[in-house]
Amino acid sequence: MAEERITDIGPPHYGQFLPPLIKENYGKWKYHEILEPGVLKHVSETGAELYSVRIASPRLVTTLFARDLCDLADKYCGGYLRFTSRHNAEFLVSDKAQLEPLKAELAKMGLPKGGTGHCVTSIVHTQGWVHCHTPAIDASGIVKSVMDDLFEYFGSHQLPAQVRIALACCLNMCGAVHCSDIAICGVHRTPPKVLHDRLRHVCEIPTTIAACPTGAIRPHPDKSLRSVIVNEERCMYCGNCYTMCPAMPCFDTEKGGVAILVGGKVSNSKHPPMFSRLAVPWIPNNPPRWPEVVGTIRRILTKYAEGANKWERIGEWIGRIGWEKFFEICDIPFTYQHIDDYKFQAYDTYRTSMHFKF
Amino acid sequence: MHKTPMLDHLESGPWPSFVKDLKRMAAQKSEVNDLLGQLERSYREKITHWKHGGIVGVLGYGSGIIGRYSDLPEEFPGLEHFHTMRINHPSAWFYSTQALRELCDIWDKHGSGVLNLHGSTGDIIFLGCRTEALEPCFADLTAKGWDIGGSGSAMRSPSCCVGPARCEWACYDTLEACYQVTQEFQFDLHRPSYPYKFKYKFSGCPNDCVAAVARADLSVIGVWKDDIRIDQSAVEAYAAGEIKPRGGGAHVDKLDIQADVVDLCPTHCMSWDGRKLTIDNKNCNHCMHCINLMPQALRPGTETGATILLGSHAPILEGAQMSWVIVPFMEMEPPFDEVKDLGYRITEWWAEHGKNRERVGELIMRLGMRAFLEAVELPPVPQSVIFPRSNPFFFWKQSDFDAEAKGRKYYTKEGFDVD
């Protein structure tokens, strides 16, 4: 008899992956301290202490990297580790005596610790050219370039508040960057090229038409083609039609690039969660190190660090000084692209008061 | 080995290099060498070389595998098939080294050895599997207790913050809630039968470390109803500079309680006389700012649960939305039946009325909040809006007149619940 096939078991229960000290103190934590950048100490009602060492990870890794982390966790953490919601890895140290030797070995291996408190932590990001079919930009290469440049901020607490950077390699935003302090978003700028010979074989025309949020796609007047045409003036290059119909590629080697949005957050601290807003509509794609993107982000971050009050997130700083001042201070031109004209959200962004600055 | 002069630039610098790591793997696996080769070409040409989709999967499932094929298979034969497998991660991404090594063994045996820790939705992402290896890889995974995650128009793998496992602010057990909801919706996770994707995320407090408000259709965010717990002696220690603010994670060494805490409170519900911090808890909107700054003096209350918010998604298609409050407070105790039941009611209504590729938040914009609330049997509550409408264009239904005739108030459960 054939072996029974196992399905629908879901993920393993996390309970088997918790270090004993966490199991004993589950739900009993009293407070925490950040002893130094990248090192957290959690203290339980029972008096127990847990130390966590947070390190940078490129997110795009190999089993060799994962096994390196396992070796360290075996040596210093009783065989347990975890990852954070921002792709950092964390070593969970129950025995304080292991803390210094772990830190020394991490330093030797070139695995930087940080990502705590008022820092720039790891960039949440997507796949890019390494594994995606719709990207306008690469992901890991830009992340590496930006984090190399901002490295001093990963392992320190010198900013007015935490800064969360995220990257999505196209408008689909698998990286859901729309509520980040700084969002890096790949943008296409060419309407889809309809491959009529291919379309009728691989696409459903009604779903392709329905996929367009601006109603720019309609059936081709020449019915014998069994294809569609695009009203290019209405296209904002979201690529949604391409997702439904592979015969409508919208890539261009030169016109694609990077948009930067700023001022979003998800935490409720002081101000409610905020969307990121457009700062720079387009920066050219310039691999391997995207210097224009890196430079723009550094400029925004530096101006924020100089100008913000303590505890202010980027969006709170801009909210206080006003967007007109943000563009002036950061020396970013304000363009037609900055003014929202997309659907129901647009009007809410128009100023209806005299509360502005010159 | 392919020459990669552009990628080689990304080997230097202090941030860990994915190129270095991939090169290590390329020495063992030729497909990873090809991956570097194709990536180098993308860097040179500024364009992707992955073909659009392709339907592949494991037997009986419609999600969890994303087909991926190179458009240059002759030049890079190792990338002819290079599919993605999403493996449903454990709650809060905790691992034993034994379990993580077992995953590595399985992936080295069946695939490229390249992975994401983790994907945007939370899954472990295996990158690069041939079609014929999918089923054996899946069998090895399930034999070790792992299952694959969601993709396409299905329930996506839920995720949660570190919660009570290592955080003093968790207002409910995010790990257990995430685990139980994931188990409950296994069928919907593996067999796409929704209009589009549906995501759950569980954050333990309003700091929202998994970005539930921005990234989940159904966002469960921990909250308390009673008073913030205060240790006045610790407040004094902060005031005296004996304890650093924000656990030591800030650029300031000494807290100015008046300027840093009291004056920045969004509801102005705190006062400080130099000795004692007083909080008018009835007016606190639990923003977490004061607690974040003084973790040794302040803690959330003990009457805890969660707020349920609904509707967020990234800009595709109708523009980005954040989730909005639909249930201000829900008790969150295992087996979490109330949140599961609400999830079923929401997905049922959405599956009935949603258009292809329409997220639930967009459907509500199209059909209206009232249609939604009535369908899922939730009463209208003032917490769900920032302010009421400013226009006089509201509708009346026969049910409203019936309620009126019976002397009921519209905004009560009774008024809402009419024949």
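The following legends describe close-up views of a predicted model.

Local features are given for pLDDT of at least 70 and side-chain atom pairs only at pLDDT 80 or more, whereas totals for chains, interfaces and linings use all residues; side-chain values use heavy atoms, with hydrogens and water left out. Residues are numbered from 1 along each chain as its sequence is written, with chains lettered from A and ligands numbered from 1 in the order in which they are written.

**View 1. Overview of chain B.** Chain B contains 16 helices and 14 strands; helices (H or I, at least four residues) and strands (E, at least two) are DSSP runs numbered from the N terminus. Along the principal axes, its C-alpha atoms fill a box of roughly 75 × 65 × 40 Å. Of the 419 residues of chain B, 61% are buried, where buried means under 20% relative accessible area, exposed over 50% and partly exposed in between (1.4 Å probe, protein chains only). Among contacts in chain B with a separation of 6 or more, 62% come from residues 24 or more positions apart; a contact requires heavy atoms within 4.5 Å.

View 2. Strands pair if DSSP finds at least two bridges between them. S7(B), residues 200-203, runs parallel to S8(B) and is joined to it by 4 bridges, with B:Lys201 opposite B:Ser219. S13(B), residues 304-310, runs antiparallel to S8(B) and is joined to it by 7 bridges; here B:Leu310 is the bridge partner of B:Leu218.

**View 3. The open sheet formed by strands of chains A and B.** The order of the 5 strands is S4(A)-S4(B)-S5(B)-S2(B)-S1(B), and the pairing is antiparallel. S4(A), residues 60-62, and S1(B), residues 65-66, stand at the edges with a single partner strand each, so one side of each has no neighbour in the sheet. Helix H2(A), residues 63-76, packs on the sheet and touches S4(A) and S4(B), the latter comprising residues 111-116; the direction of H2(A) makes about 75° with that of S4(A). Axes are lines fitted to C-alpha atoms, for helices over the stretch in contact, and angles run from 0 to 180 degrees between N-to-C directions. S1(B) pairs with S2(B), residues 83-87, over 2 bridges in the antiparallel sense, and B:Ile65 stands opposite B:Met85 in S2(B). Helix H5(B), residues 131-143, lies across S1, S2 and S5 (124-129) of chain B and runs at about 15° to S2(B).

**View 4. Helices H9 and H10 of chain A, with A:Glu312 in the loop between them**. The axes of H9(A), residues 291-307, and H10(A), residues 314-321, come within 10 Å and cross at roughly 70°. The two helices are therefore roughly perpendicular (angles under 35 degrees count as roughly parallel, over 145 as roughly antiparallel, 65 to 115 as roughly perpendicular and the rest as oblique). A:Lys303, A:Tyr304 and A:Gly307 of H9(A) make the contact with A:Ile314, A:Trp317 and A:Arg320 of H10(A). A:Glu312 counts as buried because its relative accessibility is 10%. Leaving aside residues up to four places away in sequence, A:Glu312 touches A:Pro160, A:Ala161, A:Tyr304, A:Trp317 and A:Arg320.

**View 5. Helices H2 and H3 of chain B.** H2(B), residues 18-26, packs against H3(B), residues 30-45, at an angle of about 140°, with the axes 8 Å apart. The pair is therefore oblique. From H2(B), B:Phe18, B:Val19, B:Leu22, B:Lys23, B:Met25 and B:Ala26 meet B:Val32, B:Asn33, B:Leu36, B:Leu39 and B:Tyr43 of H3(B).

View 6. B:Tyr238 lies in helix H9(B), residues 232-239, and counts as buried because its relative accessibility is 0%. Not counting residues up to four places away in sequence, the residues touched by B:Tyr238 include B:Ile243, B:Pro245, B:Leu255, B:Leu293 and B:Pro295.

**View 7. Helix H12 of chain B.** The 17 residues of H12(B), residues 337-353, should span 24 Å at 1.5 Å a residue, and the end C-alpha atoms are 24 Å apart, which agrees; the expected span is 1.5 Å times one less than the number of residues. Buried residues of H12(B) include B:Val339, B:Leu342, B:Ile346, B:Trp349 and B:Trp350.
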